[in-house]
Amino acid sequence: MPSVLVLYRLKPDVLAHLAGRFRLLDSHASPLPLDAFLVAAAADDDPPCAAVVPGSGVVRIDAAFLDTVPSLGCIVSVSAGLNHVDLPECARRGVAVANAAGIYSADVADYAVGLLIDVLRGVSAGDRFLRRRRHESLLLSPVGGSSLRGKRVGIIGLGSIGSGIARRLEAFGCVVSYHSRRQKHDISYTYHPTILDLAASSDVLVVACALTAETRHVVDRAVLDALGSGGVLVNVARGANVDEAELVRALAEGRIAGAGLEVFEDEPNVPAELLGMDNVVLTHHQAAYTPEAMADLDRLVAGNLEAFFAGAPLLTPVLVFD
């Protein structure tokens, strides 16, 4: 059986399923630290030709990693985002890459809308008020919020997640516009050539783009100021898409009205200033992790591995080589 390097913690039943098809070199079953484990895997009599890797950035798939395990010909990432994978380096070495494209889109889009409703209507803030002061009249509650209906929502990144968010918000009567690398001529949403223009034309700004060198801190002080004192930011992409220090300042100074944040720049750390703000909803990179999505992911990982070793097209290819 072909050898597969497993660096992502798979469920026992998934491991058992894969073990019937592949010889698994599972880092989580080894007492060795990761660096030593990789060296040992590379020195194995049958070194791995494929690797299943996490999407959290704990493992960077870069030149150093590929030098350590030079037998690898395929990387299967369990995330849709690929900021942890050096794609040019993989391309240079002829290493195929597959990701989890589409697996999480519906659930993350649902979650983004939920965050926005929570920020606008003060759901979490109202819950905290009731738990702290349940003996007082609810008429004293400081929350009540603003309607989602009719809000102008700008979406940064109109891929599968951004498009799903747009469709859901249309049902609430929102006016959707967007910015992406290029205009999409088959949709009716208004396209803005710059994020600054998009923010200036929006009541809500939703970040749903990939993290690349070009999109790091793409939401900066100027964009937040363009969004304005009544504006709300929702981020379900990557923490580093937003200049977090500037966001904290904008919220503290009232230069924007609120935020719904699912991701942070230095995970798992969250800026302490955000924790006491009732106009901010914070969750910890959990939008994608429904049982349904995880079951789909398990099938996709197995399918990509089987395709690679059979010489068939990858199911979700990012880089492909003959």
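**Close-up views of a predicted model**

**View A. Arg238 and the residues it touches.** Leaving aside residues up to four places away in sequence, Arg238 touches Gly55, Ser79, Gly81, Asn83, Leu211, Val263 and His285 (contact means heavy atoms within 4.5 Å). This is a predicted model, where local features need pLDDT of at least 70 and side-chain atom pairs count only at pLDDT 80 or more, while totals for chains, interfaces and linings use all residues. Residues are numbered from 1 along each chain as its sequence is written, and side-chain values use heavy atoms, with hydrogens and water left out. Look for Arg238 in the loop between β10 (232–235) and α10 (244–252); helices (H or I, at least four residues) and strands (E, at least two) are DSSP runs, numbered from the N terminus. Is Arg238 buried or exposed? Arg238 counts as buried because its relative accessible area is 18%, and buried means under 20% (exposed is over 50%, partly exposed in between; 1.4 Å probe, protein chains only). Cys209 lies 29 residues from Arg238 in sequence, with 8.0 Å between their C-alpha atoms.

View B. Follow the seven strands in the order β8-β7-β6-β9-β10-β11-β12, with parallel pairing (two strands pair if DSSP finds at least two bridges between them). At the edges, β8 (190–191) and β12 (280–282) each pair on one side only. Five bridges join β6 (residues 152–156) to β7 (residues 175–179) in the parallel sense, and Arg152 stands opposite Val175 in β7. Helix α7 (residues 160–170) packs on the sheet and touches β6, β7 and β9 (204–207). The direction of α7 makes about 170° with that of β6 (angles run from 0 to 180 degrees between N-to-C directions of lines fitted to C-alpha atoms, for helices over the stretch in contact).

**View C. The largest cavity.** The whole structure holds two cavities of 30 Å³ or more; a cavity is a set of points on a 1 Å grid over the protein atoms alone where a 1.4 Å probe fits but cannot get out, and lining residues have an atom within 4 Å of a point. The largest cavity contains about 40 Å³ of space (the space filled by probe spheres set on points joined across faces, edges and corners). Its lining includes Asn235, Gly239, Val242 and Phe264.

**View D. The second largest cavity.** Here the volume is about 30 Å³. Which helix gives the largest share of the lining? That is α6, with three residues. At least two lining residues come from each of α5 (105–121), α6 (123–132) and β12. Among the lining residues, find Asp118, Arg128 and Val281.

Terms used:
On a 1 Å grid over the protein atoms alone, a cavity is a set of points where a 1.4 Å probe fits but cannot get out, and a pocket is an open set with protein on both sides within 12 Å along at least five of seven lines; lining residues have an atom within 4 Å of a point.
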